[in-house]
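My notes follow the structure.

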Amino acid sequence: MKHNYYLLLFICQLAISQMVFAQHENELIYESSPYLLQHANNPVDWYPWSEKALDKAQKEDKLLIISIGYAACHWCHVMEEETFEDTTVANFMNEYFVSIKVDREERPDIDQIYVDASRLITGNAGWPLNVIALPDGKPIYVVSYLPKDKWMKTLDIFSKGFSTERAKLEEQAAMITQGVKELAYIQEDPTEKNVNMEMLNSMFENMQSQFDFQNGGLSGSPKFPMPVTLSYLLEYYHATNDAAVLEFVTYSLDNIALGGLYDHLGGGFARYAVDEAWEVPHFEKMLYDNALLVKLYTNAYKLTGKALYKNVVNETLAFLLSEMRDSETGLFYSSLSADSEGDEGKFYTWTYKELVEVLGEPTPEFLAYFQITKEGNWEKGQNILRIASEQYIDQKIQRFNKEKQLLLKSRASRAYPEIDDKQLTSWNALMIEALANAYRTFGNTAYLKAAESNTAFLMQHFEKDKKLIRNYKEGKVISAFLDDYSYLINASITLYQATFNEVYLNYSKELESYTEKHFKDDKSDLYYYTPNDGKELVSRQMELRDNILPASNAIMCKNLQLLGWYFDEEKYQEQAESMMSHVMEDMLENGIHYASWASSALWIAEEPFEVAIVGENYKILTEKLDKEFHPNIVFFGGKNEGVLPFMQYKLIEGETNIYVCRKKICNRPVKELIQAKNMLK
């Protein structure tokens, strides 16, 4: 009888808990984004970005709250716990606003508009990005993280203002929206002069004012690695042979790799450092950062031969392939959270006591090497493993490998940071390029296999529907944006260079044709970020400036240059130069944010070489050439001629020959790499 009583009590408690749980469900429960699902049980009546939410706001004549973030965002979690889980706050938001949650990685088109609005209003932008907007989506006010009391005061001001001073708010929203549209405005009179090396030298002089010569990277904090900028500087060094440029880049890369930003046990980079000296990371790991940094360190290794750079690449790719890859699709996940068990960095840091429990009493050499102290080198007695540059010796055999393996094994028993397991086309395209480049450099066939597998999966969907989709997770379909197309075109071209399989170039050309039809602005030859068959937002933007990620228009410019050489079609080259003419003045003044454009500008200033290796032993010669940094070469090759125009009539039976050409003029074919290299000087 007593057993039945407790069983009945348990059933009642379960039913009550389920009722409470049901009361706290909102519209996000039907989404697939891990970030949106994190908010699905908030008492706030969140909606995803949808016609349903926008119609509700218009019908009920309520202001919108548009709250934008991403799964790995630490301060997004903090604001949720402090504010959005509070029933008093939720009740106020539910009564006076229609609240929309946006995953910025899933919907960068929406994020881009309100980031631009934030920069107009406040001069900067960050996440969480909280927007108060009119019922039609026009922004009135934008703010990042706010503590609960300030958030409530802000909502109270605008809810009352919407009733008493609506005309002023509508006027303000119209001005901000017009400003956002003007940020996407392209000059009707483009620069007519062609870019030259003198201009690019001047641009570099301007860029130096933002260099941090004491710590490496760019000045200020928080401190992002900015791999796009550093990658361009490697190309600029190759073009100018200015030793000071390479010295600055390698000094930066050494500090980034040795500091707290790099995970010295498991591989991979955190998103940014909170300080100027790269010591304290913000611990979230993003796929795009790691893809871009793998490419950067691979190219830096080609120039320097530093074992540190090779180790960084191999350890980071091992981490990505083992812990960030979906077993079904083969695609890579988006991010790892900074937090575990409610604390930032808990998975990665160590108290002195914890180290002793795993290693016994550490040696003074070990402590000095990783800058560990008994009191902790960070907050709450925690130690972040980081290597002092004066302690590090660039050698092939890593120091303290036994201790690192013991710590790694112990760390595996900790609560793992939450994974954002959505798989984005654009970020996976960056990984394809990084993997293909690493394969060409280090010869690890696992890298090529992963790159080809990912490409096959993404292209299979394009072949089926003749368009890409943005994300892969639980059947959620969002149309792809310009970065998805431009990055994948570039990745496919890189795969051709790694394999000389012409199917990848054909894919690239098909993707370019689709992009031209659905994204191109015929007046400027530039591309909109959103397709012409997508749902209209308050503004249709163009992505022209690099940030952490390269600008999608800049990547399209380089793609067109490459396709022009591979298919010998002048229209591609002409469009690339037309695109460049619209951004040239901004690029020369602010090269830090136009480094991807500058990469294409180098090819306009000094036309690249075309190199073809044709014949039975093409692979042996190609592998040797691939181990060197040649950003000024368009590579062709294969056992046979194939169908590309440049490859015609280049096969001589029984021979393997190297052809070095420039400006459609070819030197005589040679058989030795040393002869070809002399022609490239």
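How do the residues of the lining of the second largest pocket divide into nonpolar, polar and charged? I count 16 nonpolar, 10 polar and 13 charged. Here Ala, Val, Leu, Ile, Met, Phe, Trp, Tyr, Cys and Pro are nonpolar, Asp, Glu, Lys and Arg are charged, and the others, Gly among them, are polar.

Basis. I am working on a predicted model, in which local features need pLDDT of at least 70 and side-chain atom pairs count only at pLDDT 80 or more, while totals for chains, interfaces and linings use all residues. Residues are numbered from 1 along each chain as its sequence is written, and side-chain values use heavy atoms, with hydrogens and water left out.

Second largest pocket. I read a volume of about 790 Å³ for this pocket. W49, R107, D109, K535 and L537 are the closest to its centre among 39 lining residues. At least two lining residues come from each of α3 (51-60), β3 (97-103) and α6 (108-122), and α6 gives the most, with five. Helices (H or I, at least four residues) and strands (E, at least two) are DSSP runs, numbered from the N terminus.

Terms for the spaces. On a 1 Å grid over the protein atoms alone, a cavity is a set of points where a 1.4 Å probe fits but cannot get out; a pocket is an open set with protein on both sides within 12 Å along at least five of seven lines; lining residues have an atom within 4 Å of a point. Points are joined across faces, edges and corners, and a volume is the space filled by probe spheres set on them.

Cavities. I searched the whole structure and found five cavities of 30 Å³ or more. The largest cavity holds about 770 Å³. It is lined by 35 residues, with E235, K295, E433, N490 and K558 the closest to its centre. The elements that each supply at least two lining residues include α10 (227-240), α12 (287-304), α17 (425-442) and β18 (633-638). The lining comprises 18 nonpolar, nine polar and eight charged residues.

Helix α9. Which residues of α9 (residues 197-207) are buried? I list M197, M199, L200, M203, F204 and M207 as buried (under 20% relative accessible area; exposed is over 50%, partly exposed in between; 1.4 Å probe, protein chains only). At the N-terminal end, N196 caps α9, with a side-chain oxygen 3.1 Å from the backbone nitrogen of E198.

T349. I find T349 in the loop between β11 (343-344) and β12 (350-351). T349 is buried at 2% relative accessible area. Its side chain reaches the backbone oxygen of G345 at 3.1 Å. Leaving aside neighbours within four places in sequence, its contacts (heavy atoms within 4.5 Å) include F283, W378 and R414.

T656. I place T656 in the loop between β18 and β19 (657-662), buried at 11% relative accessibility. T656 and G615 are 41 residues apart in sequence, yet their C-alpha atoms are 4.0 Å apart. A polar atom of the T656 side chain lies 3.2 Å from the backbone nitrogen of E616, and one lies 2.8 Å from that of N617.

Definitions and conventions: Polar contact = N/O pair within 3.5 Å; in protein donor to acceptor, adjacent residues only side chain to side chain.
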